[in-house]
Amino acid sequence: MEAPARGNNWLGLTAQELPIGAAYEWAVRPDCGAVVLFSGTIRNHAEGREGVQHLTYEAYEEQAVVRFAAISAELRVRWPDVGRVVLLHRIGELQIGESSVIAIVSSPHRPDAFEAARFAIDALKETAPIWKHEVWADGADWGTGAHDIRDAQSIGSTE
């Protein structure tokens, strides 16, 4: 997975290891003094499930990246000075400690970078059609906390 040659969004799904270092470097711009990187990693437990062994992510691929683009668009409405945005998610089987998702935002100042990155990962979790299947010591099942998919504009609102 390579960085885009043009533009300020790097959005995608991949079955390969996430290019965290390359994505961070790509997000750096001379007019941005802050880069916030969130990396979600596979942990060895979930609510009520000890001994998680691995996760498998599936996505409605044609719509996931469309949702990522909507997140970036909404993020840029809320924080117009944002420089670059990276939203990358793994699909397939992942082991404990591997990164499943990254959200990176660069901005001239740190408050906007932190807030926009938090919005980006929260919106991705609530709007993207991506599902996880967990395998743990005593069984296997689809991840807990399933919910209806929402639009990016509704994330963080009280409606």
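What percentage of the 159 residues in the protein chain do buried residues make up? Here are my notes, with that one answered along the way.

1. **Ground rules.** This is a predicted model, in which local features need pLDDT of at least 70 and side-chain atom pairs count only at pLDDT 80 or more, while totals for chains, interfaces and linings use all residues. Residues are numbered from 1 along each chain as its sequence is written, and side-chain values use heavy atoms, with hydrogens and water left out.

2. **Burial.** To the opening question: buried residues make up 42% of the 159 residues in the protein chain. Buried means under 20% relative accessible area, exposed over 50%, and partly exposed in between (1.4 Å probe, protein chains only).

3. **Overall layout.** The protein chain has three helices and 10 strands; helices (H or I, at least four residues) and strands (E, at least two) are DSSP runs, numbered from the N terminus. Along the sequence the pattern reads β-α-β-β-β-β-α-β-β-β-α-β-β. The radius of gyration is 16 Å, close to the 15 Å that the globule rule gives for 159 residues, so the protein chain is as compact as a globular protein of that length. That radius is taken over C-alpha atoms, and the rule is 2.2 Å times the number of residues to the power 0.38. Along the principal axes, the C-alpha atoms fill a box of roughly 50 × 35 × 30 Å.

4. **Contacts across the sequence.** Of the contacts in the protein chain with a separation of 6 or more, 71% are between residues 24 or more positions apart. Contact means heavy atoms within 4.5 Å.

5. **Strand β6.** Do look at this one: six of the six residues of β6 are buried. V85, L87 and H89 point one way, V86, L88 and R90 the other way, and all are buried. β6 runs parallel to β1, joined by six bridges, and antiparallel to β8, joined by five bridges. Two strands pair if DSSP finds at least two bridges between them. H89 is a handy landmark, as the bridge partner of L13 and also of V101 in β8.

6. **S100.** Is S100 buried or exposed? S100 is buried, with a relative accessible area of 5%, and lies in strand β8 (residues 99-107). Leaving aside neighbours within four places in sequence, its contacts include L88, H89 and R90, along with L18, G40 and Y57.

7. **Helix α2.** With 18 residues (61-78), α2 reaches 26 Å from its first C-alpha to its last, close to the 26 Å expected at 1.5 Å a residue; the expected span is 1.5 Å times one less than the number of residues. A64, F68, I71, S72, E74 and L75 are buried in α2. These residues cover an arc of only 165° around the axis, which puts them on the same side of α2; the arc is that of the directions from the helix axis to the C-beta atoms. On the other side of α2, E62 and V77 are exposed. The buried residues of α2 pack against β1 (9-14), β6 (85-90), β8, α3 (110-127) and β9.

8. **The open sheet.** Four strands form an open sheet in the order β7-β5-β9-β10, with antiparallel pairing. β7 (92-95) and β10 (139-142) are the edge strands, each pairing on one side only. Neighbouring strands of this sheet are turned by 20° against each other on average, direction ignored; axes are lines fitted to C-alpha atoms, for helices over the stretch in contact, and angles run from 0 to 180 degrees between N-to-C directions. β9 (residues 130-136) and β10 pair over four bridges, and the bridge partner of E134 in β10 is D141.
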